[in-house]
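Trainee: Can we go through the packing and the cavities in this one? I would like to start with helix contacts.

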Amino acid sequence: MAEVYEKDNLELRIERTKAEYAGIEFDAENMDPAGEEEKQPFDLEKIRVDQQMLSVKYMLELMEEDGIELNPGYQRNYVWEDNKRKSLLIESLILGIPISAFYFYEREDGRYQVIDGQQRLTTIKEFVEGRFCLTGLEYLGKECNKKFFGELDKRYKQKIYRTQIAANILDARSPKSVIYDIFRRVNTGGMSLNLQEMRNAVCKQEVRDFLLRSTRNENYLRATRNKIRDIRMDSQELVLRFYAFYRAYDFEREKLNYDYYYIADMLDNTVEDLNEMGDAKRETLYKRFDLAMARSYDAFGEYAFSKIQNNDGTIKKVKFINKALFSSFSVLLLNPKYDHVDIKACQGTILGELAKELCDSYYKDAISVGTGNRRNVYINFEHSRKVLERCLG
């Protein structure tokens, strides 16, 4: 189904390329073949966005006082490298040409995090600090080309300082679901943030460190065969999935509690829960994650978290990591009834059973298309549970 749909959908083809570059099997996660109900609208009274006009001078002062966090956790480590592009932005300020509005998230401590406008702010700051000179100007070339900020005529410096920039400031008191949605709507910069980069933008630093530490866990790297690139935080999102589903699984009843229309909402909520946790509780979760990765490698070896098939007794795998299989098996292997089972000794049996189970079209489709759909999440967990149950008892 996804393959047919992609032929006429450029956006999906682009997303597939991004996923596979990151080492993850593209799963058309948000395609919803079951046609579930639409998401409930927000309460307008709870959306708090303050529109202000701020001078460049004031914004520079905020940056100097650490009142604006230019790189709030989403690791956009690149900045504009084209000197002409930077120079044209500065020329626009001098000429009074309006530039696009900036979007900020105001944290509880009063500091601003940049949602949209990081590269423009960085460019302005760099120019005023004398870190590049102007080149390729279209209107002010004669007066300003090849000049650093300190070499500009005083009137041009004042024009830059006095320029008023439209700023939309998202209040931290808004419900977190509203904050994430506004992040997604207003993110229009050169390379839009993906969902995990947005989550990290509102994470506490200790949670950012926690997720990053998880991606560097030796058992995780071994189980995922060092395949996941974290350039756009794909690896951090993957480990976040473990924490989300682990906390949603009732091991006593062997039942998953999943009631989301979009899996992104579950991950958003998990980030907020991690924000509220103390270090000790996060450490407990980390130890469970470490054990889950160790058991996953024992159970599947080099085939962990990949679709496999048995061709005449030879097991073959898809080379990319499947997020749905990662979510289900990493959690299910933590069932206390497997605490004293020699999982590694059962590896051959488990692989054979999984290959056979993947012949079931319901299971295979559930981990391939619309994987965040409630029905498919439950199918995934139930079939994965049966595989382990038949092999490990």
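**Helix packing and cavities**

Mentor: In H14, Tyr297, Asp298, Ala299 and Phe300 meet Gln347, Ile350, Leu351 and Leu354 of H16; contact means heavy atoms within 4.5 Å. Helices (H or I, at least four residues) and strands (E, at least two) are DSSP runs, numbered from the N terminus. This is a predicted model, where local features need pLDDT of at least 70, side-chain atom pairs count only at pLDDT 80 or more, and totals for chains, interfaces and linings use all residues. Residues are numbered from 1 along each chain as its sequence is written, and side-chain values use heavy atoms, with hydrogens and water left out.

Trainee: At what angle do H14 and H16 pack?

Mentor: About 80°, with the axes of H14 (residues 279-300) and H16 (residues 347-357) 7 Å apart. Axes are lines fitted to C-alpha atoms, for helices over the stretch in contact, and angles run from 0 to 180 degrees between N-to-C directions. That makes H14 roughly perpendicular to H16 (65 to 115 degrees).

Trainee: And how do H10 and H12 pack?

Mentor: Helix H10 (residues 205-215) and helix H12 (residues 234-248) pack at about 100°, their axes 9 Å apart. The H10 side of the contact includes Arg208 and Phe210, and the H12 side includes Val239 and Tyr243.

Trainee: Switching topic, how many cavities of 30 Å³ or more are there?

Mentor: The count is 3. On a 1 Å grid over the protein atoms alone, a cavity is a set of points where a 1.4 Å probe fits but cannot get out, and lining residues have an atom within 4 Å of a point. Grid points are joined across faces, edges and corners, and a volume is the space filled by probe spheres set on the points. The largest cavity holds about 80 Å³.

Trainee: Which residues lie nearest its centre?

Mentor: Ile263, Ala324, Ser327, Thr371 and Asn380, out of 12 lining residues. H12, helix H15 (323-332) and helix H18 (374-392) each give two or more residues to that lining.

Trainee: Last one, how many aromatic pairs turn up?

Mentor: A search of the whole structure finds 22, counting rings of Phe, Tyr and Trp (its six-membered ring) with centres within 6.5 Å. Phenylalanine 127 and phenylalanine 149 form an edge-to-face pair, 5.7 Å centre to centre with 85° between the planes (over 60 degrees counts as edge-to-face).

Terms used. 1 Å grid on protein atoms, 1.4 Å probe; cavity = no way out; pocket = protein on both sides within 12 Å on 5 of 7 lines; lining within 4 Å. Phe/Tyr/Trp six-rings, centres within 6.5 Å; stacked < 30°, edge-to-face > 60°. Parallel < 35°, antiparallel > 145°, perpendicular 65-115°, else oblique.
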